[in-house]
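Hello,

Here is the structure I promised to pass on. My notes on it follow below.

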Amino acid sequence: MPLPTSRRLALLTSASLALLAGCGSSSDSTAAKSTPARVAVVASTDVYGDIVRRVGGDRVDVTSVISDPDQDPHSYEADPQNQLALSKAEVVVENGGGYDDFVDRMLKGGHNDSAQVINAVNVSGKTAPKGGELNEHVWYDFPTVAKVVDRIAAALTKADPSDASAFGKNAAAFKAKLAPLEAKEAQIKKEQGGAGVAITEPVPLYMTEASGLINRTPAEFSEAIEEGDDVSPRILQENLALFSGRKVRALVYNEQTSGPQTEKTEAAAKAAGIPVVPVTETLPKGKDYLGWMTANVDALANALAK
């Protein structure tokens with residue numbers, strides 16, 4: 001498999017420096033050998049970008065296409081800078097499942113056929129339920145994230161075999177920190193399993209399902225909100241009745257996507273004294289993946305305990 005242009009240039013540069021070292025000092029040669037090219041990685045969002053950094057450490061150069069909470073992956077349009085990064089990438093991590101189709105479009109446009117592409121939905125093995133739609137938000141599913149971490153380590157090792165040991169150790173350390181999150185979900189399931197919750201979008205469903213909670217929100221409501229469509233008055237009233245009738249114990253609210261109908265939903269929950277658990281699709285400022293997800297699971301547990 002041919003190397004991307006960036007790696008070929010880096011290797012040629014290293015080779016040139018090595019030849020020149022014959023006419024220079026040994027310290028020049030040592031300096032050339034101590035600064036090998038880092039693996040160029042592009043991630044569709046900062047969620048995957050952060051995970052790659054945890055596995056790759058200082059041996060990777062990561063570009064996250066979407067890192068602004070106000071950007072919507074579903075409607076993102078490529079810009080020249082990200083197009084250039086993808087054209088040079090050795091490893092690409094995308095979510096898949098229709099969430100970030102812009103990655104495949106840009107890869108094709110950049111004529112980068114040599115990149116190793118990790119598609120998280122494909123790695124997860126998840127498919128749409130019969131008669132339903134696939135929930136593509138697989139970064140809220142910790143077993144899937146563990147599988148993606150292994151794939152990232154393998155891809156980085158293929159790109160940079162000399163650092164295979166470091167990649168493997170970093171991946172193992174990351175997965176070890178996922179275990180307490182799964183344990184906390186299991187604890188919620190043990191203590192609160194069967195409790196009803198409401199959502200505004202399917203974003204947190206893998207987390208709530210792993211915690212044994214039942215989503216009571218009308219599918220027509222959450223699907224319409226996710227697609228940016230209007231909700232019918234009948235469905236909106238059916239959704240609001242979940243709170244006035246106290247049929248749910250918490251509202252898990254995607255605070256990155258709000259509008260009149262989700263704001264009415266949040267207001268109804270607060271008026272009924274039902275806790276609201278805010279979640280997001282991308283990393284909040286100052287958070288890494290593990291800290292973010294720990295806060296999410298803790299907030300859910302605390303809301304149900306009230």
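Glu266 is partly exposed, with a relative accessible area of 21%. Its side chain meets that of Lys270 in a salt bridge, 3.3 Å from N to O. Lys270 counts as exposed, at 54% relative accessibility. Both sit in helix α12 (residues 260–271), and because they are four residues apart, about one helical turn separates them. Bear in mind throughout that this is a predicted model.

**Other salt bridges**

The count comes to nine salt bridges. One of them joins the side chains of Arg54 and Asp50, at 3.0 Å from N to O. These two residues lie in helix α3 (residues 46–56), four residues apart, about one turn of the helix. Arg54 is partly exposed, at 40% relative accessibility. Asp50 is buried, with a relative accessible area of 7%, so it falls under the 20% cut-off for that class. Asp288 joins in as well: Asp50, Arg54 and Asp288 are linked in a network of salt bridges.

Arg59 and Asp160 make another salt bridge, at 3.7 Å from N to O. This pair links distant parts of the chain, 101 residues apart. Arg59 is in the loop between α3 and β2 (60–66), and Asp160 is in the loop between α7 and α8 (164–192). Both residues are buried.

**Aromatic pairs**

A search of the whole structure finds six aromatic pairs. In one of them, the rings of Tyr140 and Trp292 have their centres 5.8 Å apart and their planes at 70°, so the pair is edge-to-face. Tyr140 lies in the loop between α6 (120–124) and α7 (142–159), while Trp292 lies in helix α13 (residues 289–305), so the pair ties together parts that are 152 residues apart in sequence. Tyr140 and Trp292 are both buried. Ring pairs also link them into a cluster with Tyr48, Tyr99, Trp139, Phe174 and Tyr289.

**Negative patch**

Glu133, Glu220, Glu223, Glu227, Asp229 and Asp230 form a negative surface patch. Glu133 is in the loop between α6 and α7. Glu133 counts as exposed, at 53% relative accessibility.

**One more contact in space**

Phe102 is found in helix α5 (residues 102–109). Phe102 is buried, with a relative accessible area of 2%. How far apart are Phe102 and Glu77 in space, C-alpha to C-alpha? The distance is 6.8 Å, and the two residues are 25 apart in sequence.

Best wishes

Terms used
Residues numbered from 1 in each chain as written. Predicted model: local features only at pLDDT ≥ 70, side-chain atom pairs only at ≥ 80, totals over all residues. Heavy atoms only, no water. Phe/Tyr/Trp six-rings, centres within 6.5 Å; stacked < 30°, edge-to-face > 60°. Buried < 20%, exposed > 50% of the residue type's maximum accessible area, 1.4 Å probe, protein only. Patch = residues over 30% accessible without salt bridge, like charges linked within 9 Å, V, L, I, M, F, W, Y side chains within 5 Å. Areas by Shrake-Rupley, 256 points an atom, 1.4 Å probe, with all protein chains shown as cover. Salt bridge = Lys/Arg side-chain N within 4 Å of Asp/Glu carboxyl O. Lys, Arg positive; Asp, Glu negative; His and termini not counted. Charge placed at Lys NZ, Arg CZ, Asp CG, Glu CD.
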